[in-house]
Every structure is written in structure tokens, then in C-alpha cells.
Protein chains: 2
Amino acid sequence: MSEEQLDLVFGALADRTRRAILAHLATTDANVGELTALFTMSQPAISKHLKVLEVAGLISRTRQGTMRLSRLEAAPLRDATAWMADYRTYWSESYDRLDELLDSLD
Amino acid sequence: MSEEQLDLVFGALADRTRRAILAHLATTDANVGELTALFTMSQPAISKHLKVLEVAGLISRTRQGTMRLSRLEAAPLRDATAWMADYRTYWSESYDRLDELLDSLD
DNA sequence: CTGTTCTATAACCATCACATTACATAAAGG
DNA sequence: CCTTTATGTAATGTGATGGTTATAGAACAG
């Protein structure tokens, strides 16, 4: 994963509204209106957040009539996790099981 | 891990200079001057980055004479990894081994 | 076509983020 | 003390970020 993409992914995750959107999309796909209803925020604000998530590759979007469905795409999360896991030797324990995980990510 | 802390950790990781600092500190502790020499950037800029990393809990700092040693503290990385791993059901494979990891993080 | 619904974009504003240079401060040594 | 070394802080410029309201556009229904 490139530094540019890590910038985008971690930057996208740095906002709690966007993390909450991802958390919701983990349960079900959703359109913009449904997501807007979850927050005390305007629809254009949500659209902007979705754009950031899309550019980071964390969601994909498809037209469904007049609506646009957002779907979680967790591959960048997996890649970012792999990056962070390079520091596993500094974690307090569980090295071996994490090593198994890392091997599986190749 | 609180939303506030996730804001700080992901925000800290969103900058590639800070990620490079963490990568270097993974090999050895270092003072500000040593870290400054690694980048084409002023010393105050590095000091600011270290402050961000410190507030996020990703490094700790100790005085060593006139110098201040920075040391990697990877616990927040572990916690942030655990957050991302909640989306493991969307990853393409390796669910079971990741589940083992998650169990071990409690 | 026209109207309705859903979403995106434009224009704007306030604040934050990241860099600079100049200067202040802390610790150690002669 | 005074100097040197190492680092932090202040002031500043600039672009990015995150929100708003108003408006434009896309898809469908009648």
C-alpha cells in the first residue's frame, strides 16, 4: 500500500463521523438519506464525508434508481491494519497469533 | 478506546512524516536532532510532529541531559488495530486467525 | 413535459494543520 | 556566570478540513 493511500485511509479514519458511517455500513448498505438521518448534520455534509471515504477506497457506490447505495469496502482497512501490525514486536503480547494473521495477508 | 483517542491516533497516523518517525523509532529510540536529520524539514517542524505523536500516546519522551529521547509506545496502535479488525467479516479471507488475534487483545 | 425525490455541487466561512523563521528556555561544562 | 548544545515556543503564511445554505442535476412517476 502506497504512502498516498495510507494518507487517505488514515485521514478518512481520523474523523469520527466517517468512522460512524463505516460502522453503520458494516451492518447494511445505505443511501445518503438514510445516513443523513443518523447524524445531526446536513445532507451535503454527509455527501462530502462519503466522497472522502470513496476516494480512500473505503466505500464503493452504485446507483439504485434515484438513490446511490454506499457499500463498505474493507480492503484498505486490511492493508492499513497490516501496516500497523509491523509494530507488533512492541505490543505487549500475542505476537505469534498476529504473525499468523500477517502471513495470511500476503 | 474512546472516540477522542481514535481521533488522535488516526489523525497522527494520517501524516507520512509521522509514520516515518514511528518507523524509525521502531528500530531505536532517538532524540530530536537525530530525527530532524532524517528529513528535509526544520527542527521545529519535527518537534511539532513529536508533540502530536506524544499527545496521541504513540511515543513517550524522557530527558537525557540536554536531549529528549523519544520512544515508541505501540499500545495505541494495538487498540486502533482492534477497532479496524471489527470489520474483519468484510475482509476477503483469514477470518479465523484474525478472530484469534482479537480474542487475545482483550 | 412536469413535478417529486434524492443527491451533488457551488459559494462561503471558521477553524485547523503544517510548514517557515526568529527567539526563548533548559541542561551541562569550563 | 557564560557559552554551547539541544529543544521548545511564538508569530506568521497558506492550504486543507468541516460545516453551512442555496442551487443544480439525475432518475423516476404520472
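A: A polar contact is here a pair of N or O atoms within 3.5 Å, and within protein one of the two must be able to donate a hydrogen and the other to accept it. In this model, which is predicted, a polar contact of 2.9 Å joins the side chains of Ser60(A) and Glu73(A). Ser60(A) belongs to strand 1 of chain A, which covers residues 59-64, and with a relative accessibility of 24% this serine counts as partly exposed, because that class lies between the limits of 20% and 50%. Apart from neighbours within four places in sequence, the residues in contact with Ser60(A) are Leu69(A), Ser70(A), Arg71(A) and Glu73(A).

In chain B, Ser60(B) stands opposite Arg71(B), a residue of strand 2 of chain B. Strand 1 of chain B, residues 59-64, pairs with strand 2 of chain B in the antiparallel sense over six bridges, and the two strands form a hairpin with two residues between them, where Gly65(B) in the turn has a positive phi of about 70°.

A polar side-chain atom of Arg68(B) lies 2.7 Å from a phosphate oxygen of DNA strand D, and strand 2 (67-72) of chain B is among the elements that give two or more residues to the surface near DNA strand D, as are helix 3 (32-37) and helix 4 (43-55) of chain B and helix 4 (43-55) of chain A. Arg68(B) is also one of the closest of the 22 residues that surround DNA strand D, a group that includes Ser42(A), Lys48(A), His49(A) and Ser47(B). Of the atoms of DNA strand D that come within 4 Å of the protein, sugar and phosphate account for 67%. The side chain of Ser42(A) has an N or O atom 2.5 Å from a phosphate oxygen of DNA strand D, whereas a polar side-chain atom of Gln43(B) lies 2.9 Å from a base nitrogen of DNA strand D. By residue class, the surface near DNA strand D divides into six nonpolar, nine polar and seven charged residues.

Terms used:
Residues numbered from 1 in each chain as written. Chains lettered and ligands numbered in written order. Predicted model: local features only at pLDDT ≥ 70, side-chain atom pairs only at ≥ 80, totals over all residues. Heavy atoms only, no water. Near = heavy atom within 4 Å. Helix = DSSP H or I, 4+ residues; strand = E, 2+ residues; numbered from the N terminus. Nonpolar A, V, L, I, M, F, W, Y, C, P; charged D, E, K, R; others polar. Buried < 20%, exposed > 50% of the residue type's maximum accessible area, 1.4 Å probe, protein only. Contact = heavy atoms within 4.5 Å. Pairing = 2+ DSSP bridges.
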